[in-house]
Amino acid sequence: MEADRGAMRSLILAWTAAVIVFLYVPAVCLALASLTASRYFTFPIPRWGTEWWGKTLASFEIHQILSTSIAIASAVTVIAVILAFFGALAFARYDWKGRSLYQKLVLLPIFFPQSVLGLALLLWFNALGLPLSWKTAVFAHLVWIAPVATLVIAIQVYSFDPALEEAAFDLGASRLQVFREITFPVLLPGIFSGALFAFLLSWGNFPLSLYTTGADSAVPEYLYAKMVAGYTPGVPVLGTLSTVGAAILLLGFWSLITLMRRGSLPRSEK
Amino acid sequence: MSQGLRNALPMLVLLAIGFAAPLLAVIDFSFMPERTFSLFQEPTLENYRAILRSTSYISFLWSLGLAVVTTIILALICYPIAYGLVRLAGPWSMVVTLLFTIPLFVSENVRLYGWVLFLIKNGVLLGTLKSLFGIELSSMLFTLPAIILGMVYVYLPFMLFPMTLGIAMVPNETREAAYDLGASRWQVFREVELPLAMPGIVIGFLLTFVLAVGAIAEAKVMGGQRIIPIVHDIEIAFTYAQNWPLGSALAVLLMFVVAFLVILVLRRFDLDQIMGKR
């Protein structure tokens, strides 16, 4: 029986490792394609080189697209986190009459094909007479990202003990004090994860941006346009940059959280 | 106003003007005469009649079929991984989870393009085979299996994470008790793990299926537009054809399928239990 379980364990680990390799095949291919000196991609690469990295990073067009993407993602992050913070309290903390219905309503935009949502928003903005720009894209992203951030923060809220707040009230703290000194700090890790998710999901979003940015162009849109017509190795350069950026942000965040937990453990174990 | 409602209000307003209203506008548009861009005309059923006369049902069937195949394949791929994440990996499970999360944040068409570079003639796979072994194969790019590969690849996390949540809901004591009482591994799986993990598994199925029905990039990038899924039809109506009412009518039909499934499944679940249980 024990040997049997050991065999199953190695099988599962090998399978997981294989699937992870599968997940990173495209990223590796993009990285390889970005390191070629010629204009078209053939493998094995005839001449290696980093010219395309230099060219892409120096291009004015790319700078504009990057700054559009950063502007959209930053605005989405700030607004989504504020909405999601209160949304998550209503989702997981308070017992109220409409809660079960509300929880399901929040899930609906997540359980919805995004390209259809993008087209529906295009139609809606047109009906309202709103000109399309990066600002309408921010709104479109929010419809999908604020619910995701709500779920991420709600997970933290579930593990939050309401007795902490009540104790502070009993000790004479005002509503603002309780919020500033208890609720907010306790939920901070959840808020951080929510913000990280919001930023990255907005950064990588294509289907919503495609129909709602108008003349402004975000990174995924630009890449798609280039893939369809006018491929240059700048496409894999920007793609690799996106992947590596996301990885660094996530791993950095994870190490930060781990360090913070280690630092605070001795106190809570006393 | 209760405290819960007060906190929920901003989100509810966002969902009302950003989700409910656009969908109502789509429904309204689907009853407008052909090729108009205004919401306030004499309503007509002409768009739906046009769909019935057209070959759109083929796109619908492709989308539904591809989504079913993707969901089944992903269930088989993800179950052992989710099980391992919950039961085996221990301190590493967080790192492994992160590795599964990172690709989510790069737009899917860019990642699919990575697969194109891998599979294309003279690409990473065929180029390597040719130069190392002198084997020349034809590329599998722009075929049905390539589309399925792309979909399985893109939607993997959406099956894996809910499934992991579901399996984490099975108490280890219950499993051990079943083993102690002499149950075989198959019996434990069938009669203990599967039923207790079911809420997470069903949500994984639902999420994967719903997103896969709305897939468009996979067929475009990896399938070379050889297969036209329904969302591609909708997009054509909205863009090249400039026939928003027809596109809206198609979108309404797709929304019906999605809404039916989502409401059917979500009605039965207690989200507090799935998300909150530690």
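Is the crossing of H5(A) and H6(A) left-handed or right-handed? The crossing of these two helices is right-handed (left-handed would have the near helix turned anticlockwise from the far one by less than a right angle, right-handed clockwise).

## Model and conventions

This is a predicted model, in which local features need pLDDT of at least 70 and side-chain atom pairs count only at pLDDT 80 or more, while totals for chains, interfaces and linings use all residues. Residues are numbered from 1 along each chain as its sequence is written, with chains lettered from A and ligands numbered from 1 in the order in which they are written.

The model scores ipTM 0.90 and pTM 0.90. Chain B has a mean pLDDT of 89 (the predictor's confidence in each residue, from 0 to 100), and 99% of its residues reach 70 or more. Where pLDDT is low, the predicted coordinates should not be read in detail.

## The two chains

Chain A has 11 helices and 0 strands; both element types are DSSP runs numbered from the N terminus, helices being H or I of at least four residues and strands E of at least two. Read from the N terminus, the elements of chain A run α-α-α-α-α-α-α-α-α-α-α. Along the principal axes, the C-alpha atoms of chain A fill a box of roughly 70 × 65 × 35 Å. Chain A is divided into domain 1 (1–29) and domain 2 (60–269), with bounds from an automatic or database domain assignment. The C-alpha centres of these two domains of chain A lie 31 Å apart.

Chain B comes to 13 helices and 0 strands. Its elements, from the N terminus on, run α-α-α-α-α-α-α-α-α-α-α-α-α. For chain B, the box filled by the C-alpha atoms is roughly 75 × 70 × 30 Å along the principal axes.

## Helix packing in chain A

Helix H5 (residues 114–128) and helix H6 (residues 134–158) of chain A have axes that come within 11 Å and cross at roughly 135°. That angle makes H5(A) oblique to H6(A). Axes are lines fitted to C-alpha atoms, for helices over the stretch in contact, with angles from 0 to 180 degrees between N-to-C directions; under 35 degrees counts as roughly parallel, over 145 as roughly antiparallel, 65 to 115 as roughly perpendicular and the rest as oblique. H5(A) brings Gln114(A), Leu117(A), Gly118(A), Leu121(A) and Phe125(A) to the contact, and H6(A) brings Thr136(A), Ala140(A), Val143(A) and Trp144(A) (contact: C-beta atoms, placed from the backbone, within 7 Å). By class, this contact of H5(A) with H6(A) has 6 nonpolar, 3 polar and no charged residues. Nonpolar covers Ala, Val, Leu, Ile, Met, Phe, Trp, Tyr, Cys and Pro; charged covers Asp, Glu, Lys and Arg; the others, Gly among them, are polar.

H6(A) also packs on helix H8 (residues 175–204) of chain A, where the axes come within 8 Å and cross at roughly 155°. H6(A) is therefore roughly antiparallel to H8(A). This crossing of H6(A) and H8(A) is right-handed. Among the contributors from H6(A) are His141(A), Ile145(A), Val148(A) and Gln156(A), and those from H8(A) include Leu187(A), Pro189(A), Gly194(A) and Phe197(A). The contact of H6(A) with H8(A) has 13 nonpolar, 6 polar and no charged residues.

## Helix packing in chain B

In chain B, the axes of helix H9 (residues 185–213) and helix H12 (residues 244–266) come within 11 Å and cross at roughly 170°. H9(B) and H12(B) are therefore roughly antiparallel to each other. Val202(B), Leu206(B), Phe209(B), Val210(B) and Val213(B) of H9(B) meet Val257(B), Val258(B), Leu261(B), Val262(B) and Val265(B) of H12(B). The contact of H9(B) with H12(B) has 10 nonpolar, no polar and no charged residues.

## Contact between the chains

The contact takes 79 residues from chain A and 77 residues from chain B. On the side of chain B that touches chain A, helix H1 (residues 3–29) of chain B gives the most, with 17 residues. That side of chain B divides into 54 nonpolar, 19 polar and 4 charged residues.

Methods:
Two residues are in contact if their C-beta atoms, placed from the backbone, lie within 7 Å.
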